[in-house]
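User: Please take me through this model in questions and answers, with cut-offs stated as they come up.

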Amino acid sequence: MTGVTTEVEAPAEKVAHRHATLVLEPGRADRSYWRDLWIYRELFAILAWRDVAVRYKQTVVGVAWAAVRPLMTMVIMTVVFHRVAKLPAPGDTPYAILVFAGLLPWLLFSTILSEASASLVVNANLVGKVYFPRIIIPSATALVALVDFAVSLAILAGMMVWFRFAPPWQILLLPFFVVLAVLASLGPALLITALNVKYRDFRYIIPFIVQFGLYLAPVGYSSAMVPAQWRFWYSLNPVVGVIDGFRWCILGGNSPLYLPGFVASLGVVTLFLWLGVTYFRRTERTFADLI
Amino acid sequence: MSDNVIIRAEGLGKMYEIGRSAERQRYTALRDVLAGGTRNAGRRIRDFARGHAPLTKPRTEAFWALKDVDFDIRQGEVVGVIGRNGAGKSTLLKILSRITEPSQGRVTIDGRVASLLEVGTGFHPELTGRENVYLNGAILGMTRGEIRRKFDEIVDFAAVERFIDTPVKRYSSGMYVRLAFAVAAHLEPEILVIDEVLAVGDVEFQKKCLGKMKEVSSHGRTVLFVSHNLAAVSALCSTSLVFDRGNLAFQGPVSSAIDTYLCLSTDDGESCLPAGNSAITIRSCTINTTAAGVEPLSSRDPLRIDIEIEQLVNIRGARYVFSFYRPDEALAFAVAWHVPLAAGENSGERYRVTLNLPPETFNYGSYRLDIRCARPRVEMILPNTTVCHLNFIGEHRHGSTVYEDWPGAMLPRCDLDVLVH
């Protein structure tokens with residue numbers, strides 16, 4: 001084909017989305033990473049949408065499952081910790097709301113952790129065939145978990161009406177803590193996702209973490225129950241800071257924020273996030289060869 | 001880049017570390033890593049205690065799937081990538097589509113690459129056709145606006161209008177593949193990488209796919225086509241890359257490339273002339289008075305093969321057999337020539353054997369010509385030795401207008417008279 005014909009035939013739009021010259025060499029992918037992530041933002045949205053759309057297909061009650069799980073857990077926790085173990089609720093807070101306020105971030109955390117860690121292996125055919133920043137896959141599961149979270153939030157609103165419990169002004173800060181909960185989950189989730197590609201042992205470790213975490217984290221009880229001399233060390237668990245934050249937003253003055261512990265939690269969250277992103281990025285270019 | 005070069009590879013290499021012998025595993029268990037670490041530490045301590053230098057040699061071996069590959073591909077070229085299994089074709093495609101990074105060297109690409117590595121990658125069975133078009137488009141790198149603009153065209157191409165809102169798990173495999181190919185075919189990348197997609201779908205659809213590929217290349221886009229179907233490669237491609245055990249064996253016109261590939265396909269590549277043994281040497285072979293294998297042949301033309309044979313020793317009662325094999329080792333036919341007994345002393349004799357074959361004898365695809373020489377029922381003098389490859393293309397004598405392979409070792413002319421009564 002001669003140069004002249006090419007010029008005549010090339011429509012203007014093709015020139016418009018012509019990409020810059022791409023150079024592939026060892027270690028090069030690192031440098032354009034965050035730009036690529038921006039280019040592939042639509043893929044992020046569409047993968048999340050796919051997971052949401054598929055999640056409750058071919059189930060009888062459908063989305064109702066998103067409501068049944070937290071409700072049942074809340075009922076059992078309230079019975080075990082309040083009725084059987086006779087743990088008190090601070091102030092005039094209904095125990096059910098205390099539990100549910102802790103359950104919200106915990107379910108968000110555990111859903112992200114378990115879905116993200118399996119996500120790369122489940123999507124192995126994509127990883128092996130098409131290029132995109134791999135971090136999109138585990139991160140997209142966070143959006144799916146947020147959809148379940150929204151359902152739980154609606155239940156909480158319903159419970160507040162039922163118990164005639166007026167939320168304090170701190171409820172306005174809840175979005176900040178939701179973001180914090182997602183970040184706190186993504187750190188360990190990315191780390192485990194990357195490890196799971198190479199060492200499939202982690203698919204057995206995750207259910208353990210989720211099972212024990214439910215009792216290690218202050219879900220069924222208030223973290224004020226923890227003896228004062230241990231409280232700081234207890235707060236090093238990143239989930240503790242997030243749950244305390246949620247309770248502070250939802251229960252207000254009845255559940256004051258323990259500041260040194262909260263700051264420590266923030267530090268641990270940041271550390272895990274840095275560790276997770278760094279390790280994920282360091283290993284992701286070998287995923288296609290390993291998976 | 002200058003001269004319209006759209007892909008340039010320089011010293012490209014990809015190394016995989018493979019575990020030694022039986023230690024190769026699909027995935028590693030943490031236990032093995034810990035145990036291996038302890039074992040290594042144990043061995044080092046033992047070596048140290050015995051006064052040896054610690055053994056630090058890694059327990060893996062390097063395997064180069066691709067090594068020192070250099071090539072240029074110009075804009076608008078349709079390049080066939082051929083080579084035996086494990087020659088490095090897939091590794092090259094993986095590098096070009098950025099799935100894996102090269103270990104060495106670099107590739108410069110001047111445009112968007114879209115790959116059809118496996119049709120239907122990322123299709124979700126629970127989602128409807130419509131939803132999957134959007135999902136698959138996004139995975140292949142299209143924006144939502146782009147997909148919306150081309151949606152009708154895609155559905156039309158795949159011919160699945162009636163089922164577009166049905167989950168694809170209820171599709172027939174043909175519909176599934178058609179829809180998947182349609183999405184990928186409507187990407188508008190500067191470079192399209194296609195890996196063996198023609199193996200699927202019915203004849204009608206294959207024709208459409210080939211038409212689409214031709215259309216893509218006529219718009220000045222570059223196509224990399226990986227296939228073992230040599231007839232398809234020679235029909236579609238202008239140039240070709242031939243890979244052999246991780247090295248680029250040849251880059252150039254497709255017909256010479258196919259010849260190189262067929263030469264490599266025999267076990268040790270010794271099929272190239274001159275060939276023979278201590279008794280007989282086959283000097284040369286020309287087809288239609290040109291050097292063997294340079295041009296693809298038309299089965300509509302008569303064929304003339306000239307072979308120069310030098311007999312180095314005195315053989316009495318020798319018979320030469322010329323056998324034509326198909327790539328699947330099926331013998332198409334064989335012809336024989338008996339050295340006249342009256343000739344007497346024939347050491348050092350040179351023969352020029354000409355095979356004249358009538359038009360409309362051969363089928364499409366390739367044939368291999370082997371020569372052997374024996375004294376019948378007495379001794380084998382020269383076992384089957386490959387002389388040349390014949391590659392027939394571009395004819396549709398089976399009557400349909402569709403490009404397709406036709407079964408059969410031969411396709412001789414046959415005049416059909418049909419009487420309707």
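User: How many of the residues of helix α2 (residues 89-96) of chain B are buried?
Analyst: This is a predicted model, in which local features need pLDDT of at least 70 and side-chain atom pairs count only at pLDDT 80 or more, while totals for chains, interfaces and linings use all residues. Residues are numbered from 1 along each chain as its sequence is written, and chains are lettered from A and ligands numbered from 1 in the order in which they are written. A residue is buried if 20 or more other C-beta atoms, placed from the backbone, lie within 10 Å of its own, exposed if 12 or fewer, and partly exposed in between. Among the buried residues of α2(B) are Lys89(B) and Lys94(B), and the helix is mostly covered, the buried count being eight of its eight residues.

User: Which residue with a positive phi follows α2(B)?
Analyst: Helices (H or I, at least four residues) and strands (E, at least two) are DSSP runs, numbered from the N terminus. After α2(B) comes a residue with a positive phi, near 65°, and that residue is Arg98(B).

User: How is α3(B) oriented relative to α4(B)?
Analyst: Axes are lines fitted to C-alpha atoms, for helices over the stretch in contact, and angles run from 0 to 180 degrees between N-to-C directions. Angles under 35 degrees count as roughly parallel, over 145 as roughly antiparallel, 65 to 115 as roughly perpendicular and the rest as oblique. Helix α3 (residues 129-139) and helix α4 (residues 144-158) of chain B pack at about 130°, with axes 10 Å apart. The two helices are therefore oblique.

User: Which residues of α4(B) does α3(B) meet?
Analyst: Two residues are in contact if their C-beta atoms, placed from the backbone, lie within 7 Å. From α3(B) the contact takes Val133(B), Tyr134(B) and Gly137(B). Their partners in α4(B) are Arg144(B), Ile147(B), Phe151(B) and Ile154(B).

User: Where does Ser323(B) find its opposite residue in β15(B)?
Analyst: Two strands pair if DSSP finds at least two bridges between them. Seven bridges join strand β14 (residues 319-325) of chain B to β15(B), and the strands run antiparallel. They form a hairpin with five residues between them, and Glu329(B) in the turn has a positive phi of about 70°. Opposite Ser323(B) stands Ala334(B).

User: Why does strand β15 (residues 331-338) of chain B lie largely in the open?
Analyst: The strand has eight residues. It lies largely in the open because the number of them that are buried is zero.

User: How do α6(A) and α9(A) lie relative to each other?
Analyst: The axes of helix α6 (residues 95-122) and helix α9 (residues 174-198) of chain A come within 8 Å and cross at roughly 25°. That makes the pair roughly parallel.

User: How many charged residues are in the contact of α6(A) with α9(A)?
Analyst: Ala, Val, Leu, Ile, Met, Phe, Trp, Tyr, Cys and Pro count as nonpolar, Asp, Glu, Lys and Arg as charged, and the others, Gly among them, as polar. The contact of α6(A) with α9(A) has 15 nonpolar and five polar residues, and the charged count is none.

User: Which element gives the largest share of the side of chain A that touches chain B?
Analyst: The contact takes 34 residues from chain A and 42 residues from chain B. Elements giving two or more residues to the chain A side include α1 (3-9), β1 (22-24) and α4 (41-55). The largest share, six residues, comes from α4(A).

User: What is the bridge partner of Leu22(A) in β4(B)?
Analyst: Three bridges join β1(A) to strand β4 (residues 104-109) of chain B, and these strands run antiparallel. Leu22(A) has as its bridge partner Ile109(B).
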